[in-house]
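Morning, everyone. Please bring up the sequence and the model, and I will walk you through some backbone details.

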Amino acid sequence: MRMATYNLLHGRSPHDGHIDPDRITATIADLDADICALQEVDHAQPRSGHLDLTALAAAALTAGTHRFAAALVGTPGSTYRVPRHDHDGHDEPRYGVSLISRYPARHWRTVRLGPAPVPAPVAVGGPGPRLLLLRDEPRVLLAAVLDTPHGPVTVAATHLSFVPGWNLRQLRIVTRALRAMPPPRLLLGDLNMPAGVAAAATGWRPLGRLPTYPAARPRIQLDHILLDPRDAPPALTAVTAVAAPDVPVSDHRPLTVTVSTATR
């Protein structure tokens, strides 16, 4: 069973700045993931050609189960609102995370995560790197109980704040929410923190450790697949392959983890 987490950067290539649906499809198809969590996903945004990136990715993986959860309705970095419910803004541009699976889902859950209350400094690259004060945006957790070869497994996708400390607060909310769902539990996503910090804060086990950011020459791992050790079957801890392939889409590399197939 192969899992992947991938910050999609709304499908944009840093090489030419273009958003090409054929390139996105080929990139995600090459991951060949049975379960895939995507972050920075556009739905009907003008900047990405009004594409449904979740449906595009699901078709690329021939995955019959997929869902998009909006963190905001409107345009990131501009005018937006926090969704009032899961179907709010279905006919408007939205932005959030996706969970895609080749296995059927028994149950879905969405948990909303508030933004940091004050702007935070962020390093911006270029000829002269500098710090900019940026306003944080609302975040979301999308979780499902999937029928996998390992039996029912709770799998979740999220993208946490870039603000240090606030992302740890969000991570505690996330793990508490997932602990209310049946074991075993997996968290996939861009957590905006290194693996050691995420593991120490949660007690969950990173299943793969490779740098994923920035894509051209990755120096740090921001993208993770974590396993809750409580009631986890041995097969889910039997990692057979870990990769962070160089791909033509996004400023992050995807992280893929393959675990052995359980015998039931």
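Start with Pro-184. Pro-184 sits in a loop, with helix H3 (166–179) on one side and strand S11 (185–190) on the other. Keep in mind that this is a predicted model.

What kind of peptide bond joins Pro-183 and Pro-184? That bond is cis, and its omega is about -10°.

Now go to Pro-214. The loop here runs between strand S12 (205–206) and strand S13 (223–227), and Pro-214 lies in that loop. Look at the peptide bond from Tyr-213 to Pro-214: cis again, with omega near -10°.

That covers the peptide bonds. Next, phi.

Find Glu-40. Glu-40 is in strand S2, residues 35–43. Its phi is positive, about 55°, yet Glu-40 is not a glycine. Is Glu-40 buried or exposed? The relative accessibility of Glu-40 is 16%. Buried means under 20%, so Glu-40 counts as buried.

Last stop, His-50. Where is His-50 found? Look in the loop between S2 and helix H2 (53–60). His-50 is not a glycine either, and has a positive phi of about 60°. What about its surroundings? The cut-off for exposed is over 50%. His-50 has 55% relative accessibility, so His-50 counts as exposed.

To recap. There is a cis bond between Pro-183 and Pro-184, and another from Tyr-213 to Pro-214. Glu-40 has a positive phi and is buried. His-50 has a positive phi and is exposed. Thanks, over to you.

Key:
Residues numbered from 1 in each chain as written. Predicted model: local features only at pLDDT ≥ 70, side-chain atom pairs only at ≥ 80, totals over all residues. Heavy atoms only, no water. Helix = DSSP H or I, 4+ residues; strand = E, 2+ residues; numbered from the N terminus. Buried < 20%, exposed > 50% of the residue type's maximum accessible area, 1.4 Å probe, protein only.
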